[in-house]
Amino acid sequence: MEMLNSTDLTRETAIQTAQNEVVLNAAYINGDWVTIAAPVTDSNHSNNHALYDPNSGEVIATTRLCTSAHVEQAVEAADEAFASWSQTSVSERARYLNAIAESMEQQFDKLVGLSVLNNGKPIEEAKIDVGDAIACYRYYANLITEQATWSKVSTLESGIRLLKTYSPVGVCALITPWNFPMVTTSWKLAPALAAGCTVLLKPSEVTLLPELMLGNILSEIDLPKGVVNILPGAAEVGTAMTSHPLIDKVSFTGSNVVGEKVMVQAAKGIKDISLELGGKSAIVVCADADIDYACGLIIGGIFTNAGQICSATSRLIVHQDIAEQLFETLKVKTESLQIGDGFATETQMGPLVSEQQLNQVKKFFDIATAENLNCLTGGQLLEASGYFATPTVYTSVPTTSQLWMEEVFGPVLVCTAFTDDAEAIRLANDSKFALAATIVSADETKALEMALQIKAGHIWINEQQIVLPEAGWGGFKQSGIGRELGGDGLSAYQKSKHVLLTD
């Protein structure tokens, strides 16, 4: 994979890519860019939408957003394309998925630059993101070719045969968030295409610059018209998609508040639904853990992407015997983090994605002050241009605190101590969310035993938050419904079909 060095990725080159290659003021419908017209009926209203550089708070570009009328066009295109696309061979679908991956590889540096520019994350994190998206398209290209068209099901009856096959679920509405542009899109789009579904994709209107490059890629590889339609829009577009009678499945990643609305909208017509929602994940550090190593995992789990991760391990549960020493080490390491421009190679944590997200974090800082929480470090916004908050750690946080219970979606860690494994498990499970968890212990057998008892869909033991395309992703409780990635991710876009024959 050819890519530029970090020093060659600059804001200027990213802005050039945005100006010269990203198609703005348009939706990708039926294989073409369709211009989004400015409203002419009411001069007091505009569908102009600003895209910001989180590092400075300045506007990079403006673009017009779709309306429900564009959803109608896209649904018609996807519905018409489904009949032929659903019948394509798995090898042909795999060829298109690999072609997407190849095109992304060829444009690796451009995609990284757009992600840093529009999302604010450091270059190295953006590189990981683009690499993960490429791997996901390749994974599902391989997986679909390995899936047998027919498999025999064992039965206790004699004189008959029972066969199983899979069919695509239909026309799918995919709605993705802003925190991992291109990555979450690949998690949904790759298995949907592999299964034989057609798609309406609504990327977050906050991070459109890297996401809209996908339309160019789809045209470049000559994906059949109508198979994928990209609709840059706000809530109006999402609602039109999730409530449309010709949509068979909805896959949404985002907040619980919006997720509940999506469920209500999808209920009409009994649509298939997948939801990946919030998290308040725990990292449990046992008494036998290496403190320096544990602090590295803690920092990676909460300050990567400035804490804007649904699986962020934002609750630290540490054994009381090592708590004091760990907090001393954690404070030093946290305060040594380099915060700044994502394009600067020394930056370890970039800005929050938007002013709205900055205000969300500020709200929780104010709550912490009102609750008189013990702030080990941080707890304030940085006096700088852009949307920067300090990496923050609160210790001795009661489980009744709003910061213990609610998802901040920012660089804020709350901590408490435990005395034995049973208490650690109870505290880890003390949440309405159950997406992920990390366990740090020198005793792997004990850690695996704890993993069985902690309610979470994905658990790391002595490891950073590596997410593989082979591993299913999703949670329990209010963290969502269904799974993405792995074989489960493909199954989410398929319906099993059984055929019984005379033997």
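Biologist: Where is threonine 184 found, and what makes it count as buried?

Modeller: Threonine 184 is found in helix 6, residues 183-195, of what is a predicted model. Its relative accessible area is 7%. Buried means under 20%, so threonine 184 is called buried.

Biologist: Which residues is threonine 184 in contact with, leaving aside its neighbours within four places in sequence?

Modeller: They are Thr176, Pro177 and Thr253. Contact here requires heavy atoms within 4.5 Å.

Biologist: Why is the pair of arginine 11 and aspartate 53 called a salt bridge?

Modeller: The side chains meet at 2.6 Å, N to O. The rule asks for a side-chain nitrogen of Lys or Arg within 4 Å of a carboxyl oxygen of Asp or Glu, so the pair is called a salt bridge. Arginine 11 belongs to helix 1 (residues 11-20) and aspartate 53 to strand 3 (residues 48-53), 42 residues apart. Asp341 is linked with Arg11 and Asp53 in a network of salt bridges.

Biologist: Are arginine 11 and aspartate 53 buried or exposed?

Modeller: The cut-off for buried is under 20%. Arginine 11 has 17% relative accessibility and therefore counts as buried; aspartate 53, with 5%, is buried too.

Biologist: How many salt bridges does this rule give?

Modeller: The count comes to 16. Among them is the pair of aspartate 32 and lysine 225, at 3.3 Å from N to O. Aspartate 32 lies in strand 2 (residues 32-35) and lysine 225 in the loop between helix 7 (208-220) and strand 9 (228-230), so the bridge ties together parts 193 residues apart in sequence. Aspartate 32 has a relative accessible area of 41% and is partly exposed, and lysine 225, at 48%, also counts as partly exposed.

Biologist: How do you know that arginine 161 and aspartate 503 meet in a salt bridge?

Modeller: Their N to O distance is 3.9 Å. The limit is within 4 Å, so the pair meets the definition. Arginine 161 is part of strand 6 (residues 160-168), whereas aspartate 503 is in the segment after strand 22 (494-502); the pair therefore ties together parts 342 residues apart in sequence. At 29%, arginine 161 counts as partly exposed. Aspartate 503 has 62% relative accessibility, and exposed means over 50%, so aspartate 503 counts as exposed.

Biologist: What makes helix 3 roughly antiparallel to helix 5?

Modeller: The axes of helix 3 (residues 90-106) and helix 5 (residues 123-146) come within 8 Å and cross at roughly 165 degrees. Angles over 145 degrees count as roughly antiparallel, so helix 3 is described that way relative to helix 5. The crossing is left-handed. Residues in contact include Leu97, Ile100 and Met104 in helix 3, and Ile134, Tyr137 and Ile144 in helix 5. By class, this contact has 13 nonpolar, three polar and four charged residues.

Biologist: Why is helix 1 called roughly perpendicular to helix 4?

Modeller: Their axes come within 9 Å and cross at roughly 100 degrees, helix 4 being residues 108-119. The range for roughly perpendicular is 65 to 115 degrees, which is why the term applies to helix 1 and helix 4. Arg11, Ala14, Ile15, Thr17 and Ala18 of helix 1 make the contact with Lys110, Gly113, Leu114 and Leu117 of helix 4. These divide into five nonpolar, two polar and two charged residues.

Terms used: Residues are numbered from 1 along each chain as its sequence is written. This is a predicted model: local features need pLDDT of at least 70, side-chain atom pairs count only at pLDDT 80 or more; totals for chains, interfaces and linings use all residues. Side-chain values use heavy atoms; hydrogens and water are left out. Axes are lines fitted to C-alpha atoms, for helices over the stretch in contact, and angles run from 0 to 180 degrees between N-to-C directions. Helices (H or I, at least four residues) and strands (E, at least two) are DSSP runs, numbered from the N terminus. Angles under 35 degrees count as roughly parallel, over 145 as roughly antiparallel, 65 to 115 as roughly perpendicular and the rest as oblique. A crossing is left-handed if the near helix is turned anticlockwise from the far one by less than a right angle, and right-handed if clockwise. Ala, Val, Leu, Ile, Met, Phe, Trp, Tyr, Cys and Pro count as nonpolar, Asp, Glu, Lys and Arg as charged, and the others, Gly among them, as polar. Buried means under 20% relative accessible area, exposed over 50%, partly exposed in between (1.4 Å probe, protein chains only).
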